[in-house]
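Try each task before you read the solution.

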Amino acid sequence: MMFKKLFSEFRIPIRYHLLFWTLYFIFNFFRFATINNDYWYSLKSNLIEFPLNIIITYFTIYFLIPRYILKKKYFQFFALFTASLLLFYLVRTGLNYILVTKNIWPEAQGNQEPFTMIHIVELIIGAIYVIALVSAIKLTYDWVNEKRRNEKLEKIQLETELNFLKSQIQPHFFFNTLNNLYALVMKNSPNAPNVVLKLSEIMQYVLYEVKEPKISLMKSINYLYSYLELEKLRYGDRVKSEISIDGNIDDIEIPPLLFLPFIENCFKHGITHDEDIKVCIDFVVQDNFLYFTVENTFSKKNDTGTKHGIGIENVKRRLELLYGNKYSLKTESKLNTYIVSLKLPLDEN
């Protein structure tokens, strides 16, 4: 159970540990066998050395480093690390002497004795080399995993914020439309039932289509047309609207609810008591970009500032999240005309 618990804490799958140590054992076996031309000695020596290398490596990486280095207890780390290296040397040398050969260091030139400085340094450097190699692999693996994890978290956060922004537009839209309906009911207007029907059509878009990451541009334009018809039921012939399309839009998909707040704004700030409101909407597809422009009559008397600017600010934030710096949004007012110009890239990436 403890062995299983130990390996369950490893971020690298066990099969990769086994693969690494198997390959490293084979490499070390042939390396030492060719030095002395003694394959039997190399096999027995590595069978003793490798379990010890595994133990001291994992002890350093999964116990000493997290408990002392990461907590800035450097003195304790070096003291325990040095002690573990000395213990590794004693156990490795003792087992090699008892189980393998009395000639403790046959790969060295001359007859070398154990427990000499050169022998101690040689074995300890070998252990440090293995620890450093495995640590480098683990750090690289952890860095890649952490990078992927952060990217996944960023994607989740992005999707969460986008979904929140889209959900904000729904009550905002219905609040405005219900206000329109309320005004018609108060006047006992015969258009009130038609407003309810138009509203039900648009509800399909706002409640269901909004769940999709992208919808067809043609469908978005159709709902803009329905919204304009809805406003015409309220204001009658005072609303003069026009939608023009230039270019092929058949296969173009865009995020939902990008354009509707701009059209809502036309009626929020464009209606006066005695003047008509003109709304001209243009969609142009050119050079892998979509150009959206809306011009409407503008009345500063109806400009309530940013108090109720949820829809536009919402769209701006969504554009930033979806397109980064690849889009452009410009607004300007000329005399009694307010102009919104939006440029969106059509590249899927």
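Predicted model: local features only at pLDDT ≥ 70, side-chain atom pairs only at ≥ 80, totals over all residues.

## Exercise 1: A helix on a sheet

**Solution.** 

## Exercise 2: The pairings of β4

**Task.** Work out in which sense, parallel or antiparallel, β4 pairs with β2 and with β5.

**Solution.** 
- Step 1: Start with β2. It runs parallel to β4 (residues 277-286), and 8 bridges join the two.
- Step 2: Val239 stands opposite Ile277 in β4, and Ser244 stands opposite Asp282 in β4.
- Step 3: Turn to β5. Here the pairing with β4 is antiparallel, over 8 bridges.
- Step 4: Follow Asp282 across. This residue of the Ser244 pair also stands opposite Thr293 in β5.
- Step 5: Look at the connection. β4 and β5 form a hairpin with 2 residues between them. In the turn, Asp287 has a positive phi of about 50°.

## Exercise 3: A glycine in a loop

**Task.** Where is Gly236 found, and is Gly236 buried, partly exposed or exposed?

**Solution.** 
- Step 1: Gly236 belongs to the loop between α7 and β2.
- Step 2: Apply the cut-offs. Buried means under 20% relative accessible area and exposed means over 50%, with partly exposed in between. The relative accessibility of Gly236 is 30%, so Gly236 counts as partly exposed.
- Step 3: Compare sequence with space. Gly236 and Asp276 are 40 residues apart in sequence, while their C-alpha atoms are 9.8 Å apart.

## Exercise 4: Two helix pairs

**Task.** Classify how α3 packs with α4 and how α2 packs with α3.

**Solution.** 
- Step 1: Two packed helices are described by the angle between their axes and the distance between the axes.
- Step 2: Take α3 (residues 39-69) and α4 (residues 74-99). Their axes come within 10 Å and cross at roughly 165°. Angles over 145 degrees count as roughly antiparallel, and α3 and α4 are therefore roughly antiparallel to each other.
- Step 3: The crossing of α3 past α4 is right-handed. Residues of this contact divide into 18 nonpolar, 6 polar and 2 charged.
- Step 4: Take α2 (residues 14-36) with α3. The angle is about 140° and the axes are 9 Å apart, so α2 is oblique to α3.
- Step 5: α2 passes α3 in a right-handed crossing. The contact residues are 15 nonpolar, 8 polar and 1 charged.

## Exercise 5: The whole protein

**Task.** How many helices and strands does the protein have, and what percentage of the residues is buried?

**Solution.** 
- Step 1: Count the elements. There are 9 helices and 7 strands.
- Step 2: Read the burial. Of the 349 residues, 38% are buried.
- Step 3: Look at sequence separation. Among contacts between residues at least 6 apart in sequence, 70% join residues at least 24 apart.

Terms used:
Residues numbered from 1 in each chain as written. Heavy atoms only, no water. Axes fitted to C-alpha atoms, helices over the stretch in contact; angles between N-to-C directions. Helix = DSSP H or I, 4+ residues; strand = E, 2+ residues; numbered from the N terminus. Parallel < 35°, antiparallel > 145°, perpendicular 65-115°, else oblique. Left-handed = near helix turned anticlockwise from the far one by under 90°. Nonpolar A, V, L, I, M, F, W, Y, C, P; charged D, E, K, R; others polar. Pairing = 2+ DSSP bridges. Buried < 20%, exposed > 50% of the residue type's maximum accessible area, 1.4 Å probe, protein only. Contact = heavy atoms within 4.5 Å.
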